[in-house]
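Me: I have a model open and want to go through a few local features. Can you take questions as they come?

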Amino acid sequence: MTANSMDDAAVTNLQNYLRIRSVHPNINYDECLVHLRGQANELGLSVQEFEPVPKKPILVMTWEGQEPTLPSILLNSHMDVVPVFEKSWKHPPFAAEIEDGVIYGRGVQDMKSVGVQFIEAIRRLKNQGIRLKRTVHLSFVPDEEVGGRQGMGEFVKTDGFKKLNVGFALDEGHASTTEEYLVFNGERSIWHVNVICPGKSGHGSLLLPDNCGEKVRYIIDKFMDLRQESKKKLENDPALTIGDVTTVNLTMLSGGIQSNVVPEKFTATFDLRLALSVDHKEFEDMIKRWCSEAGDNVTYTFDQKEHYVPLTPLDATNPYWLAFKSATDDLKLSIKILTFPGGTDSRYVRDMGIFALGFTPITLTEPELHQHNESLKIDVFLKGISTFEKIIHAVANV
Ligand code: ZN
């Protein structure tokens, strides 16, 4: 195959993958599995399938290295995509249409393009007759877009995952608007907390004591003050990005039954993303203190409470990073290191003590994750394949 026809085949593969409607909610992943088995077959890679949670399959393609007992390289991508508002798209979201060198489709940035780039990079390495030192696994996982707990979150706990003997993983990052490539080596901890403020119910014409409205105001004030502090930190230091600060959002407020009845409770729910510098115990103690200051019987519960997961080190203690960096240096790519603002499957992998980086090789592109008209320039997509070719070659030969 010529270089041009390899490129054409890669674009066709991306189109075929984008046309599979692996869109939330209630995804049937069968079509993805059929497609991926076909890809593995073309590449001559062995396939394993796992289903730690029913209907949430994980497919792993394996390219055995020359020294298969060494810790392996995992290239992870998720198969699922977020819902679309079809009327707001100028090209149908699952048609993978190309116009003026740009391909449109749900998942083209997040992150089907990356899954295809992994496959195409392996194809090119194999075509050159290269054999890498370490085994490379390509995992395709479900349900990342709904938190990944039933996908990668469960998979990392299984024997099947342990047997992959992963030493280093690559997963998604996001697009960069400049020429700099973004590399993410950590994520904040996600806490979803409900603060329950009970009080005395009664007539709306009175000023009864033990009032749930007063209590919930106190709580909201405290959390919003913290929000202000984070906003100030960001404003005052241009070197900081959103992943460096604790974010606080009031996401739900519930209570009340009739406009002239004081209810017996209000519940305020907050989405918190704890910066890596935050001491989790101190932070929870602070919430506890606010509850007791707010008034009698104010309590809190967690819908989600992630523990602290350390950053993947970017120094000589991480030989995969050194290899990654030398590959990107050879390609003359400039790299910016950040903490990921949201949550990705990398956190489950890091939590197993495995080094993991988030890296989506898309530059000079507006990040359009979860937006209408998600798109990607074809030349950027193709450049990403050769970028991964170099990186995979380097990290799998550590
Ligand atoms: Zn994603």
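Me: How many of the residues of α10 are buried?
Reply: 13 of its 18 residues are buried, so α10 is largely enclosed by the rest of the structure. Buried means under 20% relative accessible area, exposed over 50%, partly exposed in between (1.4 Å probe, protein chains only). Helices (H or I, at least four residues) and strands (E, at least two) are DSSP runs, numbered from the N terminus.

Me: What should I know about the source?
Reply: This is a predicted model, where local features need pLDDT of at least 70, side-chain atom pairs count only at pLDDT 80 or more, and totals for chains, interfaces and linings use all residues. Residues are numbered from 1 along each chain as its sequence is written, and side-chain values use heavy atoms, with hydrogens and water left out.

Me: Switching to strands. What is the order in the open sheet of three?
Reply: The order is β4-β5-β17, with antiparallel pairing; two strands pair if DSSP finds at least two bridges between them.

Me: Which strands stand at the edges?
Reply: β4 (98-99) and β17 (375-377), each with a single partner strand, so one side of each has no neighbour in the sheet.

Me: And which residue is the bridge partner of Ile 98 in β5?
Reply: Ile 103. Two bridges join β4 to β5 (residues 102-104).

Me: What does Leu 14 touch?
Reply: Leu 14, in helix α1 (residues 3-18), touches residues including Ile 103, Val 108 and Phe 381, leaving aside those up to four places away in sequence. Contact means heavy atoms within 4.5 Å.

Me: Is Leu 14 buried or exposed?
Reply: Leu 14 is buried, with a relative accessible area of 1%.
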